[in-house]
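Dear colleague,

Here is the structure I promised to pass on to you. Please keep it open beside this message while you read what was found in it.

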Amino acid sequence: MRINPLRINPPRNIRLLVAYDGTDFAGWQRQANGVRTVQGEIEAALKKIHKNKVTLIGSGRTDAGVHAAGQTANFYTTIDSMNAGRFIPALNSLLPRDIRILDAAETEPDFHSRFDAKNRTYRYFIITDRQAMPWELRYSWQIRRKPGLDILNSYASILRGEIDCTTFAVPGDKSISRSRYIFNAVFWIESDHLVFEITANAFLWKMVRSITGTLLYYEEKNLSVSDFKKIIESRDRSLAGPTAPCQGLFLWKTEYYGKKSINALN
């Protein structure tokens with residue numbers, strides 16, 4: 001349900017660009033059991049600034065252990081005297097070190113970080129065929145071989161357009177529809193990491209990790225591209241590969257219809 005800001009003395013709508021290290025969080029979304037979440041920490045900081053409860057809306061609900069380089073969020077403020085940019089240092093002074101506000105701007109009164117999103121981009125980082133440095137293991141998945149880039153991209157090329165993603169739907173996913181529109185999926189080498197990027201209008205629960213694990217699983221088995229396509233079309237979860245671990249995954253950016261995406265990285 002959208003928040004309706006159209007009332008007497010309407011509040012200002014502030015859009016944030018947020019980055020966080022998800023290692024020590026139970027995900028983005030506030031939870032009733034009081035566990036540590038990104039939304040909960042930012043809302044606690046906003047409450048200190050406003051002296052009352054403020055609800056933060058995020059563009060995506062990252063899972064436990066998943067990071068963000070470009071999470072978009074928005075909230076309504078009744079503080080008229082504070083320039084939007086001042087929320088950056090104000091919030092960062094109150095937030096723990098594993099959350100940073102990268103940008104803040106006043107936006108349209110009806111802007112909604114989640115419902116107005118055109119697409120979301122995730123990146124998954126993989127260390128291949130070398131020993132990882134200790135600090136890298138918080139942000140990458142280490143595998144003991146060097147996968148074939150060409151065959152991975154041949155598989156990824158199938159992930160285009162409107163697709164029933166039931167094959168990649170983990171048990172417990174409550175989505176009414178499992179069809180998603182995937183704009184792009186591609187692997188490349190960046191420095192000494194294998195990077196997988198995927199952009200879609202939305203994602204099922206753990207869908208990116210399921211796709212990543214499945215692509216690498218069948219690449220190792222040297223499955224043909226046509227057979228990989230049949231696995232997707234089967235809509236059979238039992239044919240998917242193992243789900244990749246959480247620490248390599250980043251919510252990279254969110255783009256919006258008719259509005260410029262705010263992304264500090266590219």
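A residue is called buried when its relative accessible area is under 20%, exposed when it is over 50%, and partly exposed in between, with a 1.4 Å probe and protein chains only. This is a predicted model, in which local features need pLDDT of at least 70 and side-chain atom pairs count only at pLDDT 80 or more, while totals for chains, interfaces and linings use all residues. Residues are numbered from 1 along each chain as its sequence is written, and side-chain values use heavy atoms, leaving out hydrogens and water.

By the definition of burial above, 53% of the 266 residues in the protein chain are buried. The chain has 5 helices and 10 strands, which are DSSP runs (helices: H or I, at least four residues; strands: E, at least two) numbered from the N terminus. Along its principal axes, the C-alpha trace spans about 60 × 40 × 35 Å.

H67 belongs to strand β3, which covers residues 67-77, and H67 counts as buried because its relative accessible area is 0%. Its side chain makes a polar contact of 3.5 Å with the side chain of D21, where a polar contact is a pair of N or O atoms within 3.5 Å; within protein, one must be able to donate a hydrogen and the other to accept it, and residues adjacent in sequence count only if both atoms are side-chain atoms. A polar atom of the H67 side chain also lies 3.0 Å from the backbone oxygen of Q247.
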